[in-house]
Amino acid sequence: MGAILEARELVKSFGDVRAVKGVTFAIEEGEIFSLLGPNGAGKTTTISMLSGLIKPTSGDAVIAGYSISREPNAVKRAIGVVPQEIALYETLSARENLFFWGRMYGLGGALLKRRVAEVLDMIGLTERADHKVATYSGGMKRRVNIGVGLLHGPKIIYMDEPTVGIDPQSRRNILDAVKELNRQGMTVLYTTHYMEEAEELSHRVGIIDHGELIALGTQQELTRMVGEEQTLKLHLGEDENPTPLVEALSKLPTVTKATASAEPPIVTVILPEIKESLAQIIGTAHQLDVRIRSVDIEEPNLEAVFLHLTGRALRD
Amino acid sequence: MPKFLSIAWKDLKITFRDRAALITMLLTPFALSLAVAAAFGGSGGGSTAGIRDIPVVIVNNDQGDLGNLIVEIFNSPELVDLLEPTLMSDEAAARSQLENGDLVSVIVIPPDFSERLSASQSANSEQPQGIVEVYTNVARPLSSGVVRDIINRVLSRLIAGSATVQLVSNQLVETDRIAPEQMAALAPELAQRARQLVQGEGLISVEAESVAGVRRTEFNWLAYMAPSMAILFLMFTVTNGGRSLLAERESGTLPRLLTTPTSAGQIIGGKVAGIYFTGLAQMGILLVASYVILGVPWGSILAVILVTLALVGAATGWGILLAAISRNAAQAGTIGMTIALVFAGLSGNFIPRQALPEFMRTASYISPNSWGLEAYSKLTSGGTLADVTTPLAALAAMALILFIISVVAFRRQSQ
């Protein structure tokens, strides 16, 4: 299968600030591609350019054979966008919302009617289709939000952090829905700052930070970048300050990298051989009078890749 | 259906399903019209005025004849129901009564009134300043406004009449029809002619005009308050429409619309059409309800429709401009509410325009309220389409100008 989306050296500047600095990647037809990065990394700006919502300062993207610079309307017909927030009219019913958005995508008559019925069935809201969206639970609203993006039968769907701020059950439903859509052949561009979601969903992942794509590949390809190194997570006591421990561990010759997150206080240590070093690490903590509640040993993952590449944790 | 109409229809549906919005748009203006009209006495088409028997004291110190003329005019049959004039010689006592709230106005005619009036005319000067002193009761602005209006009109007529007699006298002498020494013999007759001129047909029409809708045309408070409140609440509606455009940006529906193959022009066009149709529906319902339930005499149907179309257009222009210049929905709401209330205050949406100072009436022409109210007032007083061409043209021009300014502002914003 060929690439359905090719982003070429996309740049976006807002005044003196360069939010996206020459991002290049391609998405194959039928795959789930995740853009993984912390908040403010440039994910939403990139997806906004790929949606035709904002014009790139330079560079271009070709989606389903159309250039976003020269043929933005053709691109908009080929893509479905599921924004981060619930972008629906709450005082209208789900059916009315779908009819309205369908018309905005240029559908009409019998085709619109059929697509609305199909989408309602797909998102499991046929029974409550005529109730106001305002009366729905957060998860139901999310489903309608996704349904709007599917109405016109797009070739690729963009999902911009669709699980932010929702309960675990709704999150699970959305992840399952994304996988189901993909099973039916839909290509998905998914942005997230949750490493677990990218790992669970994606065929390939692009890691973005400070507006730059710093790594791109399958999960195996990316974790290979970390090499044979392992990740050790030290969960500290609630009131402990992790900084002195991080400083001390960074000086140990057996430790490749050590970082900390404050709430809850966790120190993440990357090192080639845990068995040899564990006693020394615990001893260092003891010397500094830092209480360790528990220790996790993790296989190399995207979090470790991000840490390896940036020196920071994804959620910093 | 074109996309812009789909957007407009969606907005119309959202607004008319909102009970709170319906109360604000329809019930409140209707109830307020009724309440204000009831408070001031007018309760139906062709009813009598709420203002009558205004207590006025005239202190006539004039040594000449023209002061008496003013007294006579204030006691004329045309004004007998409206005014209750009393003649007093003690100015201090009269002003004391005014301060106690027993009077609406005290008019003090100075001793040299006739003399100054004649002198000013022979000197060919402008209207002399402070020629008559009028003291009014601030607690009764409506009645005070009526008295002030009458005295201004009477003085204008007096000055014009006096000038005419002066001109005729001069011409008679200059063309040698009479000798200057014969002028003394003619003086009483000329004075009588001046009196007739001031009291004659011209003044009657002045009275009819000055108290238009107050007395002679049987001022109908409902016919005044119904359009006043409808226009005020129309401004609230367009404010809400402008605010909704920004609210859509904040809630994410506007950015989402921009990711569909719908142009920015179609989206803005749809929002404008939505505000316009909502305003039109609101005005239509209020006008029909006030006619059917309250019997407000709207007059020529064609003229009322055209005025309403133009008025809602101009109001929509303000709503869109508001969206174009505001940073967010909250700011648009605050600015819009302020503009709506200032326009209403300036234009006489709360009290009759006649009671407002001249500068306010002039300033009010920046608002759709003023032109709309002027047009509706003429129509409810029996005017025809020909009588409202100026307000119609002004409203249409206002709509066009505001729309152009808004488009420019939106383009600047998007850049």
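Modeller: Two strands pair if DSSP finds at least two bridges between them. In this predicted model, strand E3 of chain B can be set against that rule: E3(B) and strand E4 (residues 133-136) of chain B are joined by four bridges in the antiparallel sense.

Colleague: Which residue of E4(B) is the bridge partner of Ile107(B)?

Modeller: The partner of Ile107(B) in E4(B) is Val134(B).

Colleague: How do you know that strand E1 of chain B and E3(B) pair, and in which sense do they run?

Modeller: Strand E1 (residues 54-60) of chain B is joined to E3(B) by five bridges, and the two run parallel. Since at least two bridges are required, the five found here make E1(B) and E3(B) a pair. One of the bridges sets Val59(B) against Val108(B) in E3(B).

Colleague: What makes strand E3 of chain B largely enclosed by the rest of the structure?

Modeller: Strand E3 (residues 105-109) of chain B has five residues, and five of the five are buried, so the strand is largely enclosed by the rest of the structure. Both of its faces are covered: on one side the buried residues are Ser105(B), Ile107(B) and Ile109(B), and on the other they are Val106(B) and Val108(B).

Colleague: Why is helix H3 of chain B described as largely enclosed?

Modeller: Seven of the nine residues of helix H3 (residues 66-74) of chain B are buried, so that description applies to the helix. The buried residues of H3(B) are Leu66(B), Gly67(B), Leu69(B), Ile70(B), Val71(B), Ile73(B) and Phe74(B).

Colleague: Why is Met360(B) called buried?

Modeller: The relative accessible area of Met360(B) is 19%. Buried means under 20%, so Met360(B) is called buried. Met360(B) belongs to helix H14 (residues 358-363) of chain B.

Colleague: With which residues is Met360(B) in contact, leaving aside its neighbours within four places in sequence?

Modeller: Those residues are Gly345(B) and Leu346(B). The C-alpha atoms of Met360(B) and Ser347(B) are separated by 7.4 Å, and these two residues stand 13 apart along the chain.

Colleague: Which residues have the most contacts inside the largest nonpolar core?

Modeller: They are Met283(B) and Tyr376(B), in a core of 64 residues. Several helices of chain B each supply at least two residues of this core, among them helix H2 (19-40), helix H11 (264-292) and helix H15 (368-380). H9(B) gives the most, with 16 residues. In soluble globular proteins, nonpolar side chains tend to be buried together.

Colleague: What does Tyr376(B) touch, not counting residues up to four places away in sequence?

Modeller: Tyr376(B) touches residues including Pro227(B), Ile231(B), Met283(B), Leu287(B) and Trp298(B). Val304(B), Val307(B), Thr308(B) and Leu311(B) are also touched by Tyr376(B).

Colleague: Turning to chain A, how many helices and strands does its secondary structure have?

Modeller: Chain A has eleven helices and 14 strands. Of its 316 residues, 52% count as buried.

Colleague: What makes the sheet E12-E13-E11-E14 of chain A an antiparallel one, and how many strands form it?

Modeller: Four strands form this open sheet, and their pairing is antiparallel. Strand E12 (257-261) and strand E14 (292-298) of chain A are called edge strands, as each pairs on one side only. The twist averages 20° from one strand to the next. Within the sheet, strand E11 (residues 230-236) and strand E13 (residues 266-271) of chain A run antiparallel and share six bridges. There, His235(A) stands opposite Ile266(A) in E13(A). Helix H10 (residues 274-287) of chain A packs on the sheet, where it touches E11, E13 and E14 of chain A.

Colleague: How many residues does the contact take from chain A and from chain B?

Modeller: The contact takes 25 residues from chain A and 19 residues from chain B. The two chains bury about 2,000 Å² between them, and 64% of this is on carbon and sulfur atoms. On the side of chain A, Leu53(A), Tyr89(A) and Met104(A) lose the most area to chain B, together 29% of what that side buries.

Technical notes. Residues numbered from 1 in each chain as written. Chains lettered and ligands numbered in written order. Predicted model: local features only at pLDDT ≥ 70, side-chain atom pairs only at ≥ 80, totals over all residues. Heavy atoms only, no water. Core = buried A, V, L, I, M, F, W, Y, C linked by side-chain atoms within 4.5 Å. Buried < 20%, exposed > 50% of the residue type's maximum accessible area, 1.4 Å probe, protein only. Contact = heavy atoms within 4.5 Å. Axes fitted to C-alpha atoms, helices over the stretch in contact; angles between N-to-C directions. Buried area = accessible area lost by both parts, 1.4 Å probe.
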